[in-house]
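Please have a look at the sequence and the structure first.

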Amino acid sequence: MRIILNGQPRTAEEPTSVADLLSQLELEPVRVAVEINEDIVPRKRFGETPIRDGDRIEIVTFVGGG
């Protein structure tokens, strides 16, 4: 399936969820915010939120600092 991830075309495995995609990208779920088609996905729903062909996904990582 084809998705747009942070503005770049990408191929993803089917079926997949937000949690699966984060795992594939080696990102920790507690350190990111995810938006699919301009809707924010609550962290507690990462495992149950499917990613579909053509979805536009934005992932923002949190970075600590001082």
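## Charged pair

A salt bridge here is a side-chain nitrogen of Lys or Arg within 4 Å of a carboxyl oxygen of Asp or Glu. Searching the whole structure turns up 1 salt bridge. Glu48 pairs with Arg45, and their closest N and O atoms are 4.0 Å apart.

Accessibility is sorted into buried (under 20% relative accessible area), exposed (over 50%) and partly exposed (in between), with a 1.4 Å probe and protein chains only. Glu48 is exposed because its relative accessibility is 56%, while Arg45, at 43%, is partly exposed.

## How the model is read

This is a predicted model: local features need pLDDT of at least 70, side-chain atom pairs count only at pLDDT 80 or more, and totals for chains, interfaces and linings use all residues. Residues are numbered from 1 along each chain as its sequence is written, and side-chain values use heavy atoms, leaving out hydrogens and water.

## Strand E1 and its partners

Helices (H or I, at least four residues) and strands (E, at least two) are DSSP runs numbered from the N terminus, and two strands pair if DSSP finds at least two bridges between them. E1 runs antiparallel to E2, joined by 4 bridges, and parallel to E5 (residues 56-61), joined by 2 bridges. Ile4 stands opposite Pro9 in E2 and opposite Arg56 in E5.
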